[in-house]
Amino acid sequence: MNSELVTVMEFLGGVPLLQRLPASSLKKIAQMVSVKNYDKGDYVVREGEVADGTYFIWDGEAEVCGSFHAAEENQPEYRLKQFDFFGHGMASSTQPADVIALSKLTCLFLPNEHTNLLKPKSIWCSDETHEKRPLVERILHLDPVDVNIFEGITLPDAPKFGKVFGGQFLGQALAAASKTVDCLKIVHSLHAYFLLLGDFERPIIYQVHRVRDGKSFATRRVEAIQRGNVVFTLMASFQKGEDGFKHEVATMPSVPDPEELLSMEDLRERRVVDPRLPRTYRNKVASSEFLPWPIELRFCEPNTSTNYTKSPPSLMYWFRAKGTLSDEQALHRCVAAYTSDLIFLQVSLNPHREKGLKSSSVSLDHSMWFHKPFRADDWLLYVIDSPISDSARGFVTGRMFTRSGELVVSATQEGLLRRARKAQVSSAAQSKL
(Lines give C-alpha, C1' and ligand atoms only; values in the text may rest on other atoms or scores of the structure.)
Protein backbone atom coordinates (compact mmCIF):
# COMPACT_ATOMS: atom_id res chain seq x y z
CA MET A 1 0.00 0.00 0.00
CA ASN A 2 1.21 3.53 -0.73
CA SER A 3 1.82 5.90 2.18
CA GLU A 4 -1.25 8.05 1.43
CA LEU A 5 -3.58 5.04 1.54
CA VAL A 6 -1.95 3.85 4.78
CA THR A 7 -2.49 7.31 6.31
CA VAL A 8 -6.17 7.27 5.32
CA MET A 9 -6.61 3.73 6.65
CA GLU A 10 -4.93 4.65 9.92
CA PHE A 11 -7.32 7.57 10.37
CA LEU A 12 -10.41 5.54 9.41
CA GLY A 13 -9.24 2.83 11.82
CA GLY A 14 -9.71 5.33 14.64
CA VAL A 15 -13.42 5.73 13.85
CA PRO A 16 -15.30 3.39 16.24
CA LEU A 17 -18.01 2.71 13.62
CA LEU A 18 -15.38 1.30 11.25
CA GLN A 19 -13.24 -0.71 13.67
CA ARG A 20 -15.69 -3.61 13.67
CA LEU A 21 -15.45 -3.97 9.88
CA PRO A 22 -13.30 -6.54 8.07
CA ALA A 23 -9.89 -5.10 7.17
CA SER A 24 -10.75 -5.68 3.50
CA SER A 25 -13.81 -3.40 3.83
CA LEU A 26 -11.75 -0.68 5.49
CA LYS A 27 -9.22 -0.81 2.67
CA LYS A 28 -12.00 -0.45 0.08
CA ILE A 29 -13.49 2.50 1.99
CA ALA A 30 -10.06 4.16 2.09
CA GLN A 31 -9.90 3.85 -1.69
CA MET A 32 -13.45 5.21 -2.21
CA VAL A 33 -13.49 8.27 0.08
CA SER A 34 -12.77 11.78 -1.17
CA VAL A 35 -11.46 14.77 0.80
CA LYS A 36 -13.71 17.80 1.36
CA ASN A 37 -12.42 21.05 2.93
CA TYR A 38 -14.49 23.80 4.55
CA ASP A 39 -13.74 27.21 6.07
CA LYS A 40 -15.11 28.39 9.39
CA GLY A 41 -18.84 29.15 9.06
CA ASP A 42 -19.32 27.06 5.92
CA TYR A 43 -22.34 24.75 5.76
CA VAL A 44 -21.22 21.15 5.34
CA VAL A 45 -24.82 19.99 4.89
CA ARG A 46 -28.14 21.86 5.18
CA GLU A 47 -31.32 20.67 6.82
CA GLY A 48 -33.73 19.25 4.23
CA GLU A 49 -31.07 18.57 1.60
CA VAL A 50 -30.88 15.13 0.03
CA ALA A 51 -28.55 12.91 2.09
CA ASP A 52 -25.66 12.11 -0.22
CA GLY A 53 -23.36 9.96 1.93
CA THR A 54 -21.37 9.62 5.15
CA TYR A 55 -18.91 12.24 6.40
CA PHE A 56 -15.96 11.44 8.70
CA ILE A 57 -14.28 14.38 10.41
CA TRP A 58 -10.53 14.19 9.85
CA ASP A 59 -9.55 17.57 11.30
CA GLY A 60 -11.34 20.51 12.89
CA GLU A 61 -14.75 20.83 14.54
CA ALA A 62 -18.34 21.27 13.39
CA GLU A 63 -21.66 22.04 15.02
CA VAL A 64 -25.03 20.40 14.51
CA CYS A 65 -27.85 22.96 14.33
CA GLY A 66 -31.52 22.45 13.64
CA SER A 67 -35.04 23.34 14.71
CA PHE A 68 -35.44 20.03 16.56
CA HIS A 69 -33.10 21.23 19.33
CA ALA A 70 -33.07 24.99 18.90
CA ALA A 71 -33.45 25.49 22.66
CA GLU A 72 -30.38 23.37 23.39
CA GLU A 73 -27.62 25.29 21.61
CA ASN A 74 -24.00 24.82 22.63
CA GLN A 75 -24.69 21.36 24.04
CA PRO A 76 -21.46 19.29 23.80
CA GLU A 77 -23.26 16.37 22.13
CA TYR A 78 -23.96 18.64 19.15
CA ARG A 79 -20.25 19.37 18.63
CA LEU A 80 -18.45 17.10 16.19
CA LYS A 81 -14.70 16.56 16.31
CA GLN A 82 -12.05 14.23 14.90
CA PHE A 83 -13.26 10.64 14.35
CA ASP A 84 -16.93 11.66 14.64
CA PHE A 85 -19.19 10.99 11.65
CA PHE A 86 -22.63 11.93 10.37
CA GLY A 87 -24.94 10.97 7.53
CA HIS A 88 -24.82 7.22 8.23
CA GLY A 89 -27.86 5.16 9.15
CA MET A 90 -30.41 7.99 8.83
CA ALA A 91 -34.04 6.96 8.74
CA SER A 92 -34.93 9.56 6.10
CA SER A 93 -33.30 10.42 2.78
CA THR A 94 -32.89 14.09 3.73
CA GLN A 95 -30.55 15.82 6.16
CA PRO A 96 -32.25 16.25 9.56
CA ALA A 97 -30.11 19.24 10.59
CA ASP A 98 -27.51 21.77 9.51
CA VAL A 99 -23.85 20.92 10.07
CA ILE A 100 -21.65 24.04 10.18
CA ALA A 101 -17.84 24.22 10.37
CA LEU A 102 -16.64 25.84 13.61
CA SER A 103 -13.08 26.04 12.28
CA LYS A 104 -11.19 24.99 9.20
CA LEU A 105 -12.65 21.56 8.63
CA THR A 106 -11.49 18.51 6.67
CA CYS A 107 -13.85 15.59 6.10
CA LEU A 108 -13.54 12.29 4.29
CA PHE A 109 -16.70 11.64 2.30
CA LEU A 110 -18.11 8.21 1.36
CA PRO A 111 -20.93 8.48 -1.26
CA ASN A 112 -24.18 6.62 -0.72
CA GLU A 113 -23.38 4.23 -3.54
CA HIS A 114 -20.59 2.74 -1.40
CA THR A 115 -22.29 2.73 2.01
CA ASN A 116 -22.92 -1.02 1.63
CA LEU A 117 -19.28 -1.32 2.70
CA LEU A 118 -20.40 -0.17 6.17
CA LYS A 119 -22.72 -3.19 6.46
CA PRO A 120 -20.60 -6.32 5.92
CA LYS A 121 -22.07 -9.78 6.33
CA SER A 122 -19.36 -10.78 8.79
CA ILE A 123 -16.77 -9.07 10.99
CA TRP A 124 -14.10 -11.08 9.16
CA CYS A 125 -15.28 -11.22 5.55
CA SER A 126 -17.02 -8.57 3.46
CA ASP A 127 -17.93 -10.75 0.49
CA GLU A 128 -19.78 -13.73 1.97
CA THR A 129 -22.21 -14.40 4.79
CA HIS A 130 -20.50 -15.99 7.77
CA GLU A 131 -22.62 -19.13 7.28
CA LYS A 132 -20.44 -19.94 4.24
CA ARG A 133 -17.17 -19.50 6.10
CA PRO A 134 -15.12 -22.28 7.81
CA LEU A 135 -16.56 -23.49 11.12
CA VAL A 136 -13.87 -21.94 13.33
CA GLU A 137 -14.36 -18.57 11.59
CA ARG A 138 -18.09 -18.85 12.31
CA ILE A 139 -17.38 -19.73 15.94
CA LEU A 140 -15.27 -16.57 16.21
CA HIS A 141 -17.89 -14.35 14.56
CA LEU A 142 -19.50 -11.81 16.90
CA ASP A 143 -22.54 -9.61 16.45
CA PRO A 144 -21.79 -5.94 17.26
CA VAL A 145 -24.40 -4.68 19.75
CA ASP A 146 -22.88 -1.26 20.46
CA VAL A 147 -19.54 0.45 19.96
CA ASN A 148 -17.85 -1.56 22.73
CA ILE A 149 -20.29 -4.46 23.15
CA PHE A 150 -20.43 -7.70 21.15
CA GLU A 151 -22.48 -10.88 21.43
CA GLY A 152 -21.15 -14.37 20.80
CA ILE A 153 -22.85 -17.74 20.87
CA THR A 154 -21.81 -21.38 21.06
CA LEU A 155 -22.75 -22.93 17.73
CA PRO A 156 -24.50 -26.34 17.81
CA ASP A 157 -21.56 -28.00 16.03
CA ALA A 158 -18.85 -26.28 18.11
CA PRO A 159 -16.82 -28.28 20.69
CA LYS A 160 -18.31 -27.86 24.19
CA PHE A 161 -16.88 -30.43 26.64
CA GLY A 162 -19.94 -29.96 28.88
CA LYS A 163 -19.37 -26.21 29.15
CA VAL A 164 -18.19 -23.32 26.99
CA PHE A 165 -14.78 -24.41 25.71
CA GLY A 166 -12.03 -22.21 27.18
CA GLY A 167 -10.53 -21.66 23.74
CA GLN A 168 -13.86 -20.21 22.61
CA PHE A 169 -13.69 -17.61 25.39
CA LEU A 170 -10.10 -16.78 24.40
CA GLY A 171 -10.83 -16.52 20.67
CA GLN A 172 -14.10 -14.62 20.95
CA ALA A 173 -12.83 -12.19 23.59
CA LEU A 174 -9.75 -11.49 21.48
CA ALA A 175 -12.00 -10.98 18.46
CA ALA A 176 -14.04 -8.42 20.42
CA ALA A 177 -10.88 -6.58 21.49
CA SER A 178 -9.48 -6.68 17.94
CA LYS A 179 -12.66 -5.07 16.61
CA THR A 180 -12.16 -1.96 18.77
CA VAL A 181 -8.68 -1.04 17.49
CA ASP A 182 -7.58 0.06 14.05
CA CYS A 183 -6.65 -2.83 11.77
CA LEU A 184 -3.01 -1.68 11.50
CA LYS A 185 -2.50 -2.62 15.15
CA ILE A 186 -2.33 -6.38 15.76
CA VAL A 187 -2.41 -8.24 19.07
CA HIS A 188 1.05 -9.17 20.38
CA SER A 189 0.11 -10.45 23.85
CA LEU A 190 -2.87 -11.43 25.98
CA HIS A 191 -3.46 -12.47 29.57
CA ALA A 192 -6.74 -14.08 30.59
CA TYR A 193 -8.50 -15.46 33.67
CA PHE A 194 -11.24 -18.09 33.68
CA LEU A 195 -13.58 -17.11 36.53
CA LEU A 196 -16.74 -19.21 36.18
CA LEU A 197 -17.92 -22.04 33.95
CA GLY A 198 -19.66 -20.84 30.80
CA ASP A 199 -23.16 -21.99 29.82
CA PHE A 200 -23.15 -22.98 26.14
CA GLU A 201 -26.95 -22.68 25.99
CA ARG A 202 -26.77 -18.91 26.58
CA PRO A 203 -25.24 -16.10 24.51
CA ILE A 204 -22.09 -14.42 25.82
CA ILE A 205 -21.84 -10.64 26.05
CA TYR A 206 -18.34 -9.25 25.53
CA GLN A 207 -17.84 -5.77 27.03
CA VAL A 208 -14.67 -4.08 25.79
CA HIS A 209 -12.95 -1.36 27.82
CA ARG A 210 -10.63 0.94 25.86
CA VAL A 211 -7.80 1.19 28.40
CA ARG A 212 -5.34 3.09 26.20
CA ASP A 213 -4.85 4.21 22.61
CA GLY A 214 -1.34 5.30 21.70
CA LYS A 215 0.49 5.93 18.46
CA SER A 216 2.16 2.50 18.41
CA PHE A 217 0.25 0.51 21.03
CA ALA A 218 -3.32 0.04 22.22
CA THR A 219 -4.59 -1.83 25.29
CA ARG A 220 -8.00 -3.42 25.76
CA ARG A 221 -9.74 -5.17 28.65
CA VAL A 222 -12.61 -7.53 27.85
CA GLU A 223 -15.21 -8.99 30.18
CA ALA A 224 -17.33 -11.98 29.12
CA ILE A 225 -20.72 -11.83 30.83
CA GLN A 226 -23.48 -14.40 31.33
CA ARG A 227 -26.51 -14.00 33.63
CA GLY A 228 -25.08 -10.68 34.75
CA ASN A 229 -21.84 -12.29 36.01
CA VAL A 230 -18.33 -11.82 34.65
CA VAL A 231 -17.26 -15.37 33.77
CA PHE A 232 -14.01 -14.59 31.94
CA THR A 233 -11.71 -11.61 31.59
CA LEU A 234 -8.91 -10.81 29.15
CA MET A 235 -6.30 -8.09 28.75
CA ALA A 236 -4.73 -7.67 25.32
CA SER A 237 -2.07 -5.37 23.90
CA PHE A 238 -1.90 -4.39 20.23
CA GLN A 239 1.05 -2.98 18.29
CA LYS A 240 1.44 -1.25 14.96
CA GLY A 241 3.97 -3.00 12.72
CA GLU A 242 7.53 -1.87 13.38
CA ASP A 243 11.07 -2.93 12.42
CA GLY A 244 13.57 -3.68 15.18
CA PHE A 245 16.28 -6.01 16.50
CA LYS A 246 15.84 -9.68 15.59
CA HIS A 247 17.17 -12.99 16.84
CA GLU A 248 15.73 -16.46 17.26
CA VAL A 249 17.37 -19.34 19.13
CA ALA A 250 14.28 -21.54 19.54
CA THR A 251 14.54 -24.73 17.49
CA MET A 252 11.59 -26.70 16.22
CA PRO A 253 11.79 -30.39 17.23
CA SER A 254 12.33 -32.93 14.48
CA VAL A 255 8.95 -34.57 13.86
CA PRO A 256 7.22 -36.31 10.92
CA ASP A 257 5.43 -34.09 8.43
CA PRO A 258 1.66 -33.83 9.05
CA GLU A 259 0.88 -35.65 5.79
CA GLU A 260 2.60 -38.75 7.22
CA LEU A 261 0.41 -38.80 10.34
CA LEU A 262 -3.11 -40.02 11.06
CA SER A 263 -6.05 -37.64 11.30
CA MET A 264 -8.25 -37.64 14.41
CA GLU A 265 -10.92 -39.55 12.47
CA ASP A 266 -8.43 -42.19 11.28
CA LEU A 267 -6.87 -42.47 14.73
CA ARG A 268 -10.29 -43.03 16.28
CA GLU A 269 -11.08 -45.82 13.81
CA ARG A 270 -7.73 -47.47 14.53
CA ARG A 271 -8.35 -47.36 18.28
CA VAL A 272 -11.75 -48.99 17.97
CA VAL A 273 -10.17 -52.15 16.46
CA ASP A 274 -6.73 -52.10 18.15
CA PRO A 275 -6.46 -55.38 20.15
CA ARG A 276 -3.71 -53.88 22.36
CA LEU A 277 -6.26 -51.58 23.97
CA PRO A 278 -8.68 -52.79 26.67
CA ARG A 279 -12.04 -53.93 25.30
CA THR A 280 -13.93 -51.62 27.67
CA TYR A 281 -11.96 -48.66 26.33
CA ARG A 282 -12.59 -49.66 22.70
CA ASN A 283 -16.31 -50.07 23.37
CA LYS A 284 -16.43 -46.66 25.03
CA VAL A 285 -14.71 -45.03 22.02
CA ALA A 286 -17.02 -46.81 19.57
CA SER A 287 -20.21 -45.86 21.42
CA SER A 288 -19.34 -42.23 22.13
CA GLU A 289 -20.61 -39.55 19.77
CA PHE A 290 -17.81 -38.11 17.63
CA LEU A 291 -18.21 -34.42 16.88
CA PRO A 292 -15.62 -33.31 14.30
CA TRP A 293 -13.51 -30.41 15.52
CA PRO A 294 -13.14 -27.21 13.48
CA ILE A 295 -9.38 -27.69 13.83
CA GLU A 296 -7.55 -30.56 12.12
CA LEU A 297 -5.05 -32.27 14.45
CA ARG A 298 -2.24 -34.76 13.69
CA PHE A 299 -0.45 -36.20 16.73
CA CYS A 300 3.29 -36.58 16.20
CA GLU A 301 3.59 -39.68 18.43
CA PRO A 302 0.34 -41.64 18.20
CA ASN A 303 0.38 -44.53 20.70
CA THR A 304 -1.78 -47.03 22.50
CA SER A 305 -2.07 -45.00 25.71
CA THR A 306 -5.45 -44.50 27.39
CA ASN A 307 -6.60 -42.00 29.98
CA TYR A 308 -5.23 -44.40 32.61
CA THR A 309 -1.70 -44.75 31.15
CA LYS A 310 1.21 -42.81 32.68
CA SER A 311 3.24 -40.86 30.13
CA PRO A 312 5.73 -37.98 30.08
CA PRO A 313 4.28 -34.48 30.62
CA SER A 314 4.70 -33.45 27.00
CA LEU A 315 2.81 -33.56 23.70
CA MET A 316 3.36 -32.44 20.12
CA TYR A 317 0.77 -32.15 17.40
CA TRP A 318 0.30 -30.39 14.07
CA PHE A 319 -2.85 -28.36 13.64
CA ARG A 320 -4.58 -26.13 11.12
CA ALA A 321 -8.05 -24.66 10.70
CA LYS A 322 -10.33 -26.66 8.44
CA GLY A 323 -11.11 -24.68 5.30
CA THR A 324 -9.58 -21.47 3.99
CA LEU A 325 -9.85 -18.57 6.41
CA SER A 326 -10.33 -14.91 5.53
CA ASP A 327 -7.01 -13.11 5.15
CA GLU A 328 -7.22 -10.77 8.15
CA GLN A 329 -4.22 -11.46 10.41
CA ALA A 330 -6.33 -10.68 13.50
CA LEU A 331 -8.54 -13.67 12.67
CA HIS A 332 -5.57 -16.03 12.37
CA ARG A 333 -4.35 -14.95 15.80
CA CYS A 334 -7.83 -15.50 17.22
CA VAL A 335 -7.80 -19.01 15.74
CA ALA A 336 -4.41 -19.67 17.36
CA ALA A 337 -5.84 -18.46 20.69
CA TYR A 338 -8.84 -20.76 20.22
CA THR A 339 -6.61 -23.76 19.45
CA SER A 340 -4.09 -23.05 22.20
CA ASP A 341 -6.47 -24.49 24.81
CA LEU A 342 -6.98 -27.81 22.99
CA ILE A 343 -5.36 -30.67 25.00
CA PHE A 344 -3.19 -28.15 26.85
CA LEU A 345 -3.69 -28.42 30.62
CA GLN A 346 -4.34 -32.18 30.34
CA VAL A 347 -0.64 -32.71 29.55
CA SER A 348 0.15 -31.81 33.17
CA LEU A 349 -1.88 -34.84 34.28
CA ASN A 350 0.04 -37.36 32.13
CA PRO A 351 2.56 -38.54 34.80
CA HIS A 352 -0.26 -39.10 37.32
CA ARG A 353 -2.62 -41.24 35.27
CA GLU A 354 -3.53 -44.67 36.68
CA LYS A 355 -6.25 -47.25 36.41
CA GLY A 356 -9.49 -46.02 37.92
CA LEU A 357 -8.28 -42.41 38.14
CA LYS A 358 -11.09 -39.88 38.03
CA SER A 359 -9.93 -36.30 37.93
CA SER A 360 -11.33 -32.84 37.41
CA SER A 361 -9.49 -29.96 35.78
CA VAL A 362 -10.33 -26.29 35.39
CA SER A 363 -8.26 -23.66 33.61
CA LEU A 364 -7.33 -20.73 35.84
CA ASP A 365 -5.30 -18.35 33.70
CA HIS A 366 -3.80 -18.28 30.22
CA SER A 367 -1.19 -16.08 28.53
CA MET A 368 -0.02 -15.80 24.92
CA TRP A 369 2.61 -13.90 22.97
CA PHE A 370 2.39 -13.54 19.19
CA HIS A 371 5.86 -13.08 17.71
CA LYS A 372 5.34 -13.07 13.93
CA PRO A 373 2.55 -13.13 11.34
CA PHE A 374 1.30 -16.58 10.29
CA ARG A 375 -1.69 -18.33 8.76
CA ALA A 376 -3.73 -20.61 11.01
CA ASP A 377 -5.06 -22.53 7.98
CA ASP A 378 -1.49 -23.68 7.23
CA TRP A 379 0.05 -26.42 9.36
CA LEU A 380 1.50 -25.27 12.69
CA LEU A 381 3.35 -27.48 15.16
CA TYR A 382 2.22 -27.13 18.80
CA VAL A 383 4.91 -28.25 21.26
CA ILE A 384 3.52 -28.61 24.82
CA ASP A 385 5.43 -29.29 28.05
CA SER A 386 4.48 -29.31 31.72
CA PRO A 387 7.58 -28.47 33.81
CA ILE A 388 5.76 -28.67 37.15
CA SER A 389 2.53 -29.54 38.94
CA ASP A 390 2.10 -28.70 42.61
CA SER A 391 -0.47 -27.50 45.16
CA ALA A 392 -3.27 -28.94 43.00
CA ARG A 393 -2.19 -26.68 40.11
CA GLY A 394 -0.71 -27.86 36.83
CA PHE A 395 1.46 -25.56 34.72
CA VAL A 396 1.95 -25.97 30.97
CA THR A 397 3.89 -24.11 28.30
CA GLY A 398 3.34 -24.22 24.55
CA ARG A 399 5.20 -23.09 21.45
CA MET A 400 3.79 -22.90 17.92
CA PHE A 401 6.12 -23.28 14.94
CA THR A 402 5.50 -22.89 11.21
CA ARG A 403 6.52 -25.70 8.89
CA SER A 404 9.68 -23.74 8.08
CA GLY A 405 10.66 -23.83 11.76
CA GLU A 406 9.82 -20.25 12.78
CA LEU A 407 8.53 -19.72 16.31
CA VAL A 408 5.37 -17.63 15.92
CA VAL A 409 3.44 -18.05 19.20
CA SER A 410 4.28 -18.84 22.84
CA ALA A 411 1.65 -19.76 25.43
CA THR A 412 1.38 -20.67 29.12
CA GLN A 413 -1.49 -21.84 31.30
CA GLU A 414 -2.06 -22.80 34.91
CA GLY A 415 -5.06 -24.83 35.94
CA LEU A 416 -6.62 -26.64 38.85
CA LEU A 417 -6.04 -30.42 38.87
CA ARG A 418 -7.83 -32.52 41.48
CA ARG A 419 -8.90 -36.06 42.05
CA ALA A 420 -12.62 -36.09 41.49
CA ARG A 421 -14.51 -35.88 44.75
CA LYS A 422 -17.13 -38.49 45.51
CA ALA A 423 -20.65 -37.11 45.30
CA GLN A 424 -22.06 -36.42 48.74
CA VAL A 425 -25.69 -37.51 49.04
CA SER A 426 -27.57 -35.50 51.65
CA SER A 427 -30.30 -37.00 53.83
CA ALA A 428 -32.76 -34.60 52.22
CA ALA A 429 -31.84 -35.97 48.82
CA GLN A 430 -32.10 -39.54 50.05
CA SER A 431 -35.64 -38.91 51.33
CA LYS A 432 -36.75 -38.12 47.80
CA LEU A 433 -35.54 -41.43 46.33
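Is Arg320 buried, partly exposed or exposed, and what is its relative accessible area? Some notes on this predicted model follow.

1. Arg320 is partly exposed, at 26% relative accessible area. Its salt-bridge partner is Glu296, with the closest N and O atoms 3.1 Å apart. Arg320 sits in strand S16 (residues 314-321) and Glu296 in strand S15 (residues 295-299), so this pair ties together parts that are 24 residues apart in sequence. Glu296 itself is buried, with a relative accessible area of 17%, since the cut-off for buried is under 20%.

2. Glu259 forms a salt bridge with Arg403, and their closest N and O atoms are 2.7 Å apart. The two are 144 residues apart: Glu259 is in the loop between strand S14 (229-240) and helix H6 (264-273), while Arg403 is in the loop between strand S19 (393-402) and strand S20 (407-419). Arg403 comes out as partly exposed, at 39%.

3. Arg202 makes a salt bridge with Asp199, the closest N and O atoms being 3.8 Å apart. Arg202 is partly exposed too, with 38% relative accessibility. Salt bridges with shared partners join Asp199, Arg202 and Arg227 into one network. For the whole model, the count comes to 17 salt bridges.

4. Now have a look at helix H8 (residues 329-339). Here 11 of the 11 residues are buried, so the helix is largely enclosed by the rest of the structure. Its buried residues include His332, Arg333, Cys334 and Tyr338.

Terms used: Residues numbered from 1 in each chain as written. Predicted model: local features only at pLDDT ≥ 70, side-chain atom pairs only at ≥ 80, totals over all residues. Heavy atoms only, no water. Buried < 20%, exposed > 50% of the residue type's maximum accessible area, 1.4 Å probe, protein only. Helix = DSSP H or I, 4+ residues; strand = E, 2+ residues; numbered from the N terminus. Salt bridge = Lys/Arg side-chain N within 4 Å of Asp/Glu carboxyl O.
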